[in-house]
Amino acid sequence: MAGDESVFLRAKDRRYKGLTEDEQKEWSGPFYFIQAADPQLGLMKAWRICDCDSGGDEWTEEVQLTKQAVQAINKLQPRPRFLVLCGDLVHAMPGCPFREEQVKDLKGALRGSDPDIPLVFVSGNHDLGNTPTPESVEQFCRDWGDDYFSFWVGGVLCLVLNSQFFFDSSGCPELMETHEVWLESQLQRAIQTPSRHVLVFQHIPLFLHKPDEEDDYFNLQKGIRERLIQRFKQAGVKAVFSGHYHRNAGGCYDGLDMVVSSAVGCQLGDDSHGVRVVVVTEDDIIHRYHSLDQLTERGMDEDLKKLLV
């Protein structure tokens with residue numbers, strides 16, 4: 001990404017769009033951001049030919065969809081505060097064929113992003129491997145930035161998590177422990193530091209529809225899920241945003257909104273390729289999924305835009 005670092009919101013840079021963290025802790029009025037997930041370059045062909053393990057040798061469709069999303073977001077007025085991509089940036093797992101080219105082409109598609117709209121990257125299972133290793137985590141960090149970090153924007157504390165550690169950390173227990181210590185410190189910080197809202201971004205949903213649902217490939221295991229829900233609630237987390245499911249889903253539980261957004265890339269259900277517009281007001285988090293065609297032709301819904309006034 002040499003020469004393009006200004007486009008990306010990096011964890012090591014504690015500033016946000018040129019402002020200090022202390023300045024961003026203050027509520028400054030309603031704003032919105034864009035949440036997207038699963039561009040997953042290579043999955044569309046692999047899914048069509050029923051070869052998701054070794055397929056994925058073509059990704060022109062996903063590149064064009066990502067470019068369409070970038071172009072549509074660039075035209076939005078007012079500008080979103082940031083764009084967050086909630087994991088599975090490419091389809092090829094670490095060490096697999098096509099991986100390097102997919103990463104290169106996704107960066108190329110994102111390079112057209114307006115530099116005033118920072119990009120926030122969340123790690124997914126295809127980015128790290130289903131069982132991440134120190135090597136795969138290091139590679140993700142080289143390609144996209146830190147695999148977990150926090151930032152403030154407009155009085156809102158945002159936590160970016162590595163949910164693959166929750167799913168299977170057997171290949172990197174020390175990294176999982178470091179992540180856990182960091183997460184606990186951030187949740188305690190949320191309890192002790194006043195904020196308008198606390199938001200979490202991760203790839204794998206806590207749940208798809210309700211907290212007591214059975215374990216599935218697309219959710220976190222019930223015991224881990226229950227503990228995270230309780231910790232998030234105690235820290236005042238208002239919403240958790242994720243992808244992974246390639247369909248829109250989610251639900252509210254005791255004040256915690258679990259938001260599962262469908263994919264920019266391959267759809268596994270009946271949704272359209274799209275992104276989610278998230279409006280943050282003083283009291284609420286209001287969000288709605290927009291197809292890429294709708295966003296391109298008409299922009300964000302007018303009733304959401306009125307909330308920003």
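1. UniProt positions are given here in the numbering of this model, with feature names shortened, and such annotations may be inferred rather than shown by experiment. With that caveat, the unreviewed UniProt entry carries the annotation "domain: Calcineurin-like phosphoesterase" over residues 70-247. In this span 39% is helix and 16% strand, and its end C-alpha atoms lie 20 Å apart; helices (H or I, at least four residues) and strands (E, at least two) are DSSP runs numbered from the N terminus.

2. The model is predicted, so that local features need pLDDT of at least 70 and side-chain atom pairs count only at pLDDT 80 or more, while totals for chains, interfaces and linings use all residues. Residues are numbered from 1 along each chain as its sequence is written, and side-chain values use heavy atoms, with hydrogens and water left out.

3. Helix α8 (residues 173-192) and helix α9 (residues 222-234) have axes that come within 9 Å and cross at roughly 35°; these axes are lines fitted to C-alpha atoms over the stretch in contact, with angles running from 0 to 180 degrees between N-to-C directions. Contact (heavy atoms within 4.5 Å) joins Glu180, Leu183, Glu184, Leu187 and Ile191 of α8 to Leu228, Arg231, Phe232 and Gln234 of α9. The residues of this contact divide into five nonpolar, one polar and three charged, where Ala, Val, Leu, Ile, Met, Phe, Trp, Tyr, Cys and Pro count as nonpolar, Asp, Glu, Lys and Arg as charged, and the others, Gly among them, as polar.

4. The largest share, four residues, comes from α3, and both α3 (60-74) and β2 (83-86) supply at least two.

5. Some backbone geometry deserves a look. The peptide bond from Gln77 to Pro78 is cis, with omega near -5°, and Pro78 is found in the loop between α3 and β2.

6. Gln40, in the loop between β1 (31-36) and α2 (43-48), has a positive phi of about 40° although it is not a glycine. Cys50, in the loop between α2 and α3, likewise is not a glycine and has a positive phi, of about 60°. Gln40 counts as buried because its relative accessibility is 2%, whereas Cys50, at 71%, counts as exposed; buried means under 20% relative accessible area, exposed over 50%, and partly exposed in between, with a 1.4 Å probe and protein chains only.
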